[in-house]
Amino acid sequence: MKAAFMMAAPTSGSGKTTIARGLMALYARKGYRVQPFKCGPDYIDTKFHEAVCGHPSINLDTFMATKAHVVSLFCRYSAEADVAIVEGMMGLFDGYDRDKGSSAEIAQTLDIPVVLIVDAKSAAYSMAPLISGFVNFRKDIRFAGVIFNKVGSSRHYQMLQQVCDDLGIACLGYLPKDAALEQGSRYLGLDFSEKTENNRLLELLETHVDWQTLLQSCIPTVGNHSSHGGNNIFPRREKSVLIARNAESFSFLYQETIDSYADVRFFDPETEVPDFSGVDLLLLPGGYPEKHLEALVKAEATRQAIRDYAERGGRVEAECGGMMYLCQAIVTDEGSYPMCGVLPYTITARQADRRLSLGYRLFELDGKEYRGHEFHYTQFLGDVPESVAQVYNAKGEPVATPVFRYQNVLASYTHLYGVKS
């Protein structure tokens with residue numbers, strides 16, 4: 001690996017995501033092999049990383065996994081890369097408990113420098129105390145430099161360069177205010193197949209960001225991570241797993257989960273009837289099945305096959321959308337849609353019932369510790385069903401998220417990351 005760095009920001013909304021994905025695309029276009037990573041449990045950003053880099057992005061999370069495991073993931077997946085780019089989450093020091101689990105903690109764990117993305121709109125020398133605070137807050141966090149976003153003019157940028165000069169930190173360039181970027185910023189993050197917007201972003205980054213100096217200044221410490229091993233969060237599973245996969249209805253799955261199985265097969269529940277021969281586990285990941293209810297209802301043979309497999313004792317793990325798919329029905333404002341009927345519950349996706357449930361989750365079951373993350377708006381219709389385990393958030397506080405066990409089915413709203421015995 002020739003270079004490695006993290007793209008982070010003082011706050012969400014600073015332009016970190018746009019610039020991080022843009023630089024990934026720029027380096028890839030110039031022939032570098034870019035290995036993308038994402039801090040935290042986010043499933044969405046990793047998909048767009050993969051779209052521009054050509055191979056999967058890997059989540060790095062120090063709540064759901066140990067620091068040793070995070071280091072081993074980083075080393076393993078970046079071993080053949082020219083440059084490893086880690087996109088941070090939220091503000092640099094925002095974690096589940098102060099700065100625990102934050103992007104800063106991950107940068108320190110990996111010993112890689114941080115590129116601070118700063119929104120400079122409507123400010124000039126006032127950026128000095130803000131940047132100084134971030135750079136000097138923790139001495140164990142290294143900074144490669146600053147990239148400014150939403151810069152109004154060349155004169156504005158000159159004033160921002162003075163800030164960096166006075167603070168003794170590298171100014172790596174800027175992204176100017178641009179009507180096309182302002183109008184399409186959310187789409188730049190959602191669809192890099194939009195050639196016009198993508199080309200515009202890359203053109204601006206290549207012109208105004210010193211991407212070559214960034215590579216040269218972020219050479220990783222040789223051998224720094226060589227002594228770190230993994231842990232038992234993802235032991236190699238010498239088993240065959242059948243995974244439901246669809247671009248939207250079943251799509252939230254960590255790459256490390258896939259890679260941990262010896263034999264992996266996929267099927268699309270909207271169009272294919274699964275073949276369970278030789279299968280040790282059926283994995284139904286999260287996604288947005290509520291957006292594809294007509295297709296899922298139409299695939300009646302698929303729902304029947306899954307119900308039969310579960311009833312005869314087949315092992316199933318179902319997470320969030322996958323759990324919803326196993327229930328009796330999903331109700332929307334348009335009506336009620338029958339699902340697999342393995343679990344005797346109904347899920348409501350009606351607008352009036354939408355409520356955000358968000359956060360890290362932890363529970364113990366059968367002597368094993370499960371860790372993951374919950375993010376959904378749908379809810380159970382009626383009272384929350386009884387759980388076979390008490391679920392806790394990252395601070396150890398109990399939450400009402402239920403966990404279900406039926407036959408050999410384990411299901412919950414929690415997207416599971418790993419299991420420790």
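Reader: In which sense, left-handed or right-handed, does α3 pass α4?
Author: This is a predicted model, in which local features need pLDDT of at least 70 and side-chain atom pairs count only at pLDDT 80 or more, while totals for chains, interfaces and linings use all residues. Residues are numbered from 1 along each chain as its sequence is written, and side-chain values use heavy atoms, with hydrogens and water left out. Helices (H or I, at least four residues) and strands (E, at least two) are DSSP runs, numbered from the N terminus. A crossing is left-handed if the near helix is turned anticlockwise from the far one by less than a right angle and right-handed if clockwise, and the crossing of α3 with α4 is right-handed.

Reader: How are α3 and α4 placed to each other, roughly parallel or roughly perpendicular?
Author: Helix α3 (residues 67–78) packs against helix α4 (residues 103–110) with the axes 10 Å apart and an angle of about 70° between them; axes are lines fitted to C-alpha atoms, for helices over the stretch in contact, and angles run from 0 to 180 degrees between N-to-C directions. Angles under 35 degrees count as roughly parallel, over 145 as roughly antiparallel, 65 to 115 as roughly perpendicular and the rest as oblique. The two helices α3 and α4 are therefore roughly perpendicular.

Reader: How many nonpolar residues are there in the contact of α3 with α4?
Author: On the α3 side, Lys67, Val70, Val71 and Phe74 meet Glu105, Thr109 and Leu110 of α4, where contact means heavy atoms within 4.5 Å. Ala, Val, Leu, Ile, Met, Phe, Trp, Tyr, Cys and Pro count as nonpolar, Asp, Glu, Lys and Arg as charged, and the others, Gly among them, as polar. By these classes the contact has 2 charged and 1 polar residues, and the nonpolar ones number 4.

Reader: Are α1 and α2 roughly parallel or roughly perpendicular to each other?
Author: Helix α1 (residues 16–29) and helix α2 (residues 44–53) have axes 8 Å apart, and the angle at which they pack is about 25°. The relation of α1 to α2 is therefore roughly parallel.

Reader: What is the division into classes of the residues by which α1 touches α2?
Author: The crossing of α1 and α2 is right-handed. Helix α1 contributes Thr17, Arg21, Met24, Ala25 and Ala28, while Asp45, Phe48, His49, Val52 and Cys53 come from α2. The division of these contact residues is 6 nonpolar, 2 polar and 2 charged.

Reader: How many charged residues has the contact of α5 with α6?
Author: The axes of helix α5 (residues 127–137) and α6 come within 10 Å and cross at roughly 45°, and the pair is therefore oblique. Met127, Ala128, Ile131 and Ser132 of α5 meet Leu160, Val163 and Leu167 of α6. The contact has 6 nonpolar residues and 1 polar residue, and the number of charged ones is given as no charged residues.

Reader: By how many degrees are neighbouring strands of the open sheet of 7 strands turned against each other on average?
Author: This sheet has the order β3-β2-β4-β1-β5-β6-β7 with parallel pairing, two strands being paired if DSSP finds at least two bridges between them. Its edge strands, β3 (58–60) and β7 (171–176), each pair on one side only.

Reader: At what angle does α6 run to β6?
Author: Within the sheet, strand β2 (residues 34–39) runs parallel to strand β4 (residues 83–87), joined by 5 bridges, and Pro36 stands opposite Ile85 in β4. Helix α2 lies across β2, β3 and β4, at about 170° to β2. Helix α6 (residues 154–167) also packs on the sheet, touching β6 (143–151) and β7, and the angle of its direction with that of β6 is about 155°.

Reader: Which strands stand at the edges of the open sheet of 4 strands?
Author: The strands follow the order β13-β12-β14-β17, with mixed pairing. Each edge strand has a single partner, so one side of each is left without a neighbour in the sheet, and these strands are β13 and β17 (379–380).

Reader: Which residue of β13 is the bridge partner of Ile330?
Author: Strand β12 (residues 327–332) pairs with strand β13 (residues 335–338) in the antiparallel sense over 4 bridges, and a hairpin of 2 residues joins β12 to β13. The bridge partner of Ile330 is Tyr337.
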